[in-house]
Amino acid sequence: MRKKFLFLKLFVVIFVCLGVIGCSSIPKGFLKPDENYLEARQLQMRQYDTTNEVQIVTAVAGLLQDLGFTLDNSETDVGFVAASRKADATNAGQVAGAILVDTLGILFGGYQNAYGKVDSVQYVKASVIVKPNLEGNKIVVRVTFQRIIWNISGQINRVESVKDPKIYQKFFDDLSKAIFLEAQKI
Amino acid sequence: MSILKRLSSVFIAILLIVSISGCATTASKAFESSESQVKLRSIQTRAFDTTDKKKMMQTVISTMQDLDFVIDKADLTLGSVTGTKFIGYATIVMTVTVRPRGEKQLLVRANAQYGIQSVEDPATYQDFFTSLEKSLFLTAQQVD
């Protein structure tokens with residue numbers, strides 16, 4: 001009889017848990033800019049001394065292809081290009097760490113499968129907007145990157161916006177070259 | 001005997017759960033919203049005193065980028081912009097549409113989804129329009 005009650009209790013607890021998960025509310029304020037959005041803007045934007053929007057958009061599309069991206073979507077009338085690519089995401093240090101954890105697990109009699117959670121493949125999305133500046137005498141290019149990382153078991157490990165300044169720096173260095181090449185018709 | 005009884009009660013419980021979840025039609029859930037259509041529109045829509053659709057779209061895009069969205073799609077004819085933002089493991093997808101209203105105004109409507117839930121909180125949309133106002137140097141007007 002007591003056992004039966006125990007089961008009943010267990011079911012009630014599970015139901016309550018499911019109910020709570022189902023009703024989880026949406027956090028507030030996620031459409032507010034965070035405090036360092038101006039820094040992000042600095043990182044993601046460059047101005048070019050030209051008024052030829054088409055030339056810059058063409059250079060951007062060419063550069064994305066140079067970087068191994070494929071174009072997903074574009075609307076050149078608003079100066080928009082979106083592209084993506086899949087790439088390797090394995091990190092030797094992380095793999096070595098996972099193997100160490102797994103080996104220790106085997107030695108001390110536990111199953112960890114840390115190796116199965118190691119980063120494996122990443123999907124990087126780039127979106128570029130080309131538009132005139134407020135004065136209308138220069139062209140502003142803004143790029144943003146996002147990535148989704150899968151582990152070896154095929155599950156999503158994490159999703160994130162790319163914040164690394166070096167990546168943006170390199171993109172704009174390459175873009176300057178691409179604009180030059182475009183101007184020289186190469 | 002007692003084991004048999006216990007097992008049978010577990011089976012009954014499982015059957016109950018399966019039957020409860022199995023009977024519900026889930027397709028209708030995709031068309032549900034908790035707010036009324038009219039109220040939802042007024043929460044999600046603002047009017048601006050400008051007719052430059054292209055510039056409005058570009059400002060919408062740069063506002064979304066300031067909010068950490070990556071733009072997935074844009075279409076000048078429809079006036080639509082769609083972007084994605086990640087917070088932790090949650091994905092936020094937002095579509096903003098720009099369309100003319102009369103001769104002198106543009107209507108901007110934002111539509112956000114947080115994971116599998118539609119965002120229907122007025123304050124959240126107000127945050128977006130506040131940012132948009134700042135980038136536009138124009139005042140957002142409530143539409144009835």
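The model is predicted.

**Entry 1: Asp68 of chain B**

I looked up where Asp68(B) sits. It lies in the loop that joins helix 3 (53-66) to strand 2 (70-75) of chain B. I then checked its backbone. Asp68(B) is not a glycine, yet its phi is positive, about 75°. Buried or exposed? I counted 22 C-beta neighbours inside 10 Å of Asp68(B). The cut-off for buried is 20 or more, so Asp68(B) counts as buried.

**Entry 2: chain B as a whole**

I listed the elements next. Chain B has four helices and seven strands. Read from the N terminus, their order is α-α-β-α-β-β-β-β-β-α-β. The C-alpha atoms of chain B fill roughly 80 × 30 × 25 Å. Of the 144 residues in chain B, 30% are buried. I looked at contacts in chain B with a separation of 6 or more, and 52% of them join residues 24 or more positions apart.

**Entry 3: helix 3 of chain A**

I turned to chain A and checked the length of helix 3 (residues 53-66). Its 14 residues should span 20 Å at 1.5 Å a residue, and the end C-alpha atoms are 20 Å apart, so the two agree. Which residues of helix 3 of chain A are buried? I found Ile56(A), Val57(A), Ala59(A), Val60(A), Leu63(A) and Leu64(A). Down the axis of helix 3 of chain A, the buried residues fall within an arc of 160°, so they line one face of the helix. I asked what they pack against. Their partners in chain A include strand 1 (45-48), strand 4 (119-132) and helix 5 (165-183). Just after helix 3 of chain A, Gly68(A) has a positive phi of about 85°.

**Entry 4: the contact between the chains**

How many residues does each chain give to the contact? I counted 29 from chain A and 35 from chain B. On the side of chain A that touches chain B, several elements supply at least two residues each, among them helix 1 (2-22), helix 2 (37-44) and strand 6 (156-161). I sorted that side of chain A by class and got twelve nonpolar, six polar and eleven charged residues.

Terms used:
Residues numbered from 1 in each chain as written. Chains lettered and ligands numbered in written order. Predicted model: local features only at pLDDT ≥ 70, side-chain atom pairs only at ≥ 80, totals over all residues. Expected span 1.5 Å × (residues − 1). Buried ≥ 20, exposed ≤ 12 C-beta atoms within 10 Å, placed from the backbone. Arc of directions from axis to C-beta. Contact = placed C-beta atoms within 7 Å. Nonpolar A, V, L, I, M, F, W, Y, C, P; charged D, E, K, R; others polar.
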